[in-house]
Amino acid sequence: MVIAFPMSDLTKIFGQLAVILPTERILTAPEDIIPYSFDGTAAISQRPLAVVLAINTDEVSRIVRWANETKTPLVTRGTGTGLSGGSVPTVGSVVLCLARFDKILELDRRNLTMMVEPGVTTQTIYDLADSAGLLYPPDPGSMKISTIGGNVANNSGGLRGLKYGVTKNYVMGFEIVLPNGDVMWVGNKCVKDVAGYSLREVFIGSEGTLGIFTKILLCLLPKPAAKKTLLAVYSRMEDAAETVSAIIAHPIIPCTLEFLDKTTIACIEDFAKVGLPREAEAVLLMESDGHPAVVAEEAEIMARLAKQQGAIDVRVAQTTEESLRLATARRSAFSALARVAPTTILEDVTVPRSELAGMVAFIQALAKRHNLRIGVFGHMGDGNLHPTFLTNEKNTEEMHRVEIAFQEIVTETVRRGGTITGEHGVGLAKKKFLPESVGGLNVEVMRNLKRLFDPNLILNPGKMFDC
Ligand SMILES: Cc1cc2nc3c(=O)[nH]c(=O)nc-3n(C[C@H](O)[C@H](O)[C@H](O)COP(=O)(O)OP(=O)(O)OC[C@H]3O[C@@H](n4cnc5c(N)ncnc54)[C@H](O)[C@@H]3O)c2cc1C
């Protein structure tokens, strides 16, 4: 939707912002602001009034103060890879883009921490830790381009989430600009700290609605000495799901247990040609990391369990390049699916692991029933599935069926004790499902928190819920 604003408004806003920022970092021309009208979410877009590119805390604080005083909605943005519409502008808003606020400030080997600015990409953080013999585990599929600010705001997960957890498990502290422009520090380098309420938990995952991260203190781990990657091939989807349950029940917690269905395998092969078996109904990508002896033992047990559960083939990657190729293939799942249809709508439901096989079967039956093309992949070890609708937003009749199927997936997820989003956040895309997922009282408490921190509803208004 394009809503035009009177030139006089734009000129006034431009003049006010020019007091804070150099004019080359204030964008108002349509050709400059159109790329900031959407994120990675299909079928949601809105042009902002203007885009400002801030590069330090002082600028962010002054912009927020200005927004609060003039009651201008402010939408913070990293690189816009979000998949729930979190950084899509609201009507009449200014986008505050932090992608250029991107310095590494410190790597502290004695405390195993790294301090970064919000615009640093996840891959840069991983690479720097890796070159120092350390590991920054959270690895969203978008890590080459997503920013750490966006990762913290969405509490993003990744392929290693099963063993290592998600972004919040690696955030020790941060500097945050509050909705009135005040700058606050939360956390420190202490491994233990129970002084007061845990404000970290309040802000992490708040999707740009409560404050703006301007510095982030991350903790790192020693790099695992060894890693083994296995690919198990199945002619029945349920056997893959049962393998996941058998591995967890053994109990083994591998660092990666990823799943691809037949549609996704075909799209990845067309896109990246990594040698995935097109004839398979499903594959599981399994990785164990740690001490070489433990890795060897876990890999051997996982291969055995996969075969016992009906895998028709189990391949063990023979070289680092081969493991990397398989992991990269999995990371490219969304991009590969996105190539085959004009509109790709990605779901992000999570169910208890015991419900996985049933949930996957439900989605397959649903696709047949509604005559829709749905590719399914996901972090199966976490119970986190990404059913992906391959559709065309211009086909109104098909989009109607997609909407009905989307709602049915949500309802089935909640019925099975799951959640409407495991890692992509609520944003705009999942807003209407939030009460169904967490309950009305939970949403009311969240609303009260929002009103407490941001009484003028400046930061990312209308996201997650209406106030
Ligand atoms: C191909 C692909 C693969 C993906 N794979 C994964 C995956 O495996 N796991 C996963 O969890 N996600 C995944 N995502 C989703 C997305 O990459 C993540 O949500 C990511 O963290 C968004 O980062 P960003 O910099 O693009 O943030 P944006 O999309 O720009 O913003 C996301 C949200 O964070 C807020 N925000 C951004 N920066 C700040 C800040 N400094 N302070 C406060 N709020 C801020 C925004 O307002 C918005 O609500 C994938 C996306 C794509 C396109």
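This is a predicted model: local features need pLDDT of at least 70, side-chain atom pairs count only at pLDDT 80 or more; totals for chains, interfaces and linings use all residues.
## The ligand shell

The shell around the ligand holds 34 residues. The closest are Thr 76, Thr 81, Ser 142, Thr 147 and Ser 156. By class, the shell has 23 polar, 8 nonpolar and 3 charged residues. Helix H5 gives the most, with 5 residues.

## Polar contacts and cover

An N or O atom in the side chain of Asn 151 is 2.8 Å from a ligand oxygen. For Asn 154, a polar side-chain atom lies 3.0 Å from an oxygen atom of the ligand. Thr 79 takes part through its backbone: a polar atom there is 3.1 Å from a ligand oxygen. The protein covers 95% of the accessible area that the ligand has on its own, which is 980 Å².

## Thr 214 in strand E10

Strand E10 spans residues 212-219 and includes Thr 214. Is Thr 214 buried or exposed? Its relative accessible area is 0%, so Thr 214 is buried.

The side chain of Thr 214 makes a polar contact of 2.6 Å with the side chain of Glu 175. Leaving out residues up to four places away in sequence, Thr 214 touches Thr 57, Val 60, Phe 101, Glu 117, Pro 118, Glu 175, Ile 176 and Val 177.

Strand E14 covers residues 282-290. How many of its 9 residues are buried? The count is 9 of 9, so E14 is largely enclosed by the rest of the structure.

In a regular strand, side chains alternate between the two faces of the sheet. Both faces of E14 are covered. One side carries Ala 282, Leu 284, Met 286, Ser 288 and Gly 290, all buried. The other carries Val 283, Leu 285, Glu 287 and Asp 289, also all buried.

Two strands pair with E14: E12 (residues 226-234) and E13 (residues 256-261). E12 runs antiparallel to E14 and is joined to it by 9 bridges. In that pairing, Thr 229 stands opposite Glu 287. E13 is also antiparallel to E14, with 6 bridges between them. Here Asp 261 has Ala 282 of E14 as its bridge partner. Both of these E14 residues, Glu 287 and Ala 282, are among the buried ones.

Definitions and conventions:
Residues are numbered from 1 along each chain as its sequence is written. Side-chain values use heavy atoms; hydrogens and water are left out. Buried means under 20% relative accessible area, exposed over 50%, partly exposed in between (1.4 Å probe, protein chains only). Helices (H or I, at least four residues) and strands (E, at least two) are DSSP runs, numbered from the N terminus. Two strands pair if DSSP finds at least two bridges between them. A polar contact is a pair of N or O atoms within 3.5 Å; within protein, one must be able to donate a hydrogen and the other to accept it, and residues adjacent in sequence count only if both atoms are side-chain atoms. Contact means heavy atoms within 4.5 Å. A residue is near a molecule or strand if one of its heavy atoms lies within 4 Å of it. Accessible areas come from the Shrake-Rupley method with a 1.4 Å probe; for residues, only the protein chains shown count as cover. Ala, Val, Leu, Ile, Met, Phe, Trp, Tyr, Cys and Pro count as nonpolar, Asp, Glu, Lys and Arg as charged, and the others, Gly among them, as polar.
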